[in-house]
Amino acid sequence: MIQDDNDVLEPPINFSTVDEGIFRSGFPQPPNFPFLKTLQLRSIIYLCPEPYPEENLEFLRSQNIQLFQFGIEGKKKASSSAASSIPKQTILEALKVLIDVRNHPVLIHCKRGKHRTGCLVGVLRKFQNWCLASVFEEYQRFAGAKSRTTDLRFIETFDVVGLRDCLYGIIHHYYRLAYYASKKRRLLLYTQAQQDMQTYRHYKP
């Protein structure tokens, strides 16, 4: 990506747009920071247990970007028989952050942007009612030759029904807050109008 004649913007490895306001990648390095600025991120979802590098934290502070860390251990080798190393509860908590539009634009990343990021994006696609064939194709496109059967099984069996109920609760909560805020504003405007009318009557010649 070229910003001007002398400034080439370099995205992180495996960078891609997931949806409006949602991006994915591998671990951002300092040369990627100018590119990340163009995304105007509000938050980053980091899926590794290792501490975030100070240089990256400084960049986040300078751009007022919030970091959400969900420490999922990386698995060195794929296995068709072993259980998935991806914890369901951790992915569920990360997904709640991901679907909250107040955190958008948001970047999801792990180390290489393949397995842990792929699992989170995969369950997001299930939440969006994608068919499994399309979900698996997207996962495999980023994982390549290192695609893991256990990850695909994790995505397939992940239950998003409870998350939908949670989301509906959040929506109801904010609608209720908006209703009471609107009602309070109308009351304040009515009170101010009454005061203005009394002032007008008092000073009317």
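Guide: K96 and E93 stand 3 residues apart in helix α3 (residues 88–98), so about one helical turn separates them. Helices here are DSSP runs of H or I with at least four residues, strands are runs of E with at least two, and both are numbered from the N terminus. This is a predicted model, in which local features need pLDDT of at least 70, side-chain atom pairs count only at pLDDT 80 or more, and totals for chains, interfaces and linings use all residues. Residues are numbered from 1 along each chain as its sequence is written, and side-chain values use heavy atoms, with hydrogens and water left out.

Visitor: What makes the contact of K96 with E93 a salt bridge?

Guide: The term asks for a side-chain nitrogen of Lys or Arg within 4 Å of a carboxyl oxygen of Asp or Glu. In K96 and E93 the closest N and O atoms are 3.5 Å apart, so the pair qualifies.

Visitor: Why are K96 and E93 called partly exposed?

Guide: Buried means under 20% relative accessible area, exposed means over 50%, and partly exposed lies in between (1.4 Å probe, protein chains only). K96 has 29% and E93 has 31%, so both fall in the middle class.

Visitor: How many salt bridges does a search of the whole structure find?

Guide: The search finds 6. Among them is the bridge of R61 with E58, with closest N and O atoms 3.1 Å apart. R61 and E58 are 3 residues apart in helix α2 (residues 54–62), and thus about one helical turn from each other. E58 is partly exposed at 43%.

Visitor: How do you know that the length of α5 agrees with that of a helix?

Guide: The expected span is 1.5 Å times one less than the number of residues. For the 12 residues of α5 (residues 132–143) this gives 16 Å, and the end C-alpha atoms are 16 Å apart, so the two agree.

Visitor: Which residues of α5 are buried, and what puts them on one side?

Guide: The buried residues of α5 are V135, F136, E138, Y139, F142 and A143. They cover an arc of only 160° around the axis, which places them on the same side of α5. That arc is taken from the directions that run from the helix axis to the C-beta atoms. Exposed residues A133 and R141 sit on the face turned away from the buried side.

Visitor: What do the buried residues of α5 pack against?

Guide: They pack against β3 (16–19), β4 (22–25), α4 (115–127) and α6 (149–157), where contact means heavy atoms within 4.5 Å.

Visitor: Why are β3 and β6 said to stand at the edges of the sheet?

Guide: The open sheet has 5 strands in the order β3-β4-β7-β5-β6, with mixed pairing. β3 and β6 (66–69) each have a single partner strand, so one side of each has no neighbour in the sheet. From one strand to the next, the twist averages 25°.

Visitor: What makes β3 and β4 a pair?

Guide: Two strands pair if DSSP finds at least two bridges between them. β3 and β4 have 3 bridges, in the antiparallel sense, so they meet that condition. T17 has F23 of β4 as its bridge partner. Helix α4 packs on the sheet, touching β3, β4, β5 (43–46) and β7 (106–109), and its direction makes about 150° with that of β4. Such angles run from 0 to 180 degrees between N-to-C directions, the axes being lines fitted to C-alpha atoms, for helices over the stretch in contact.
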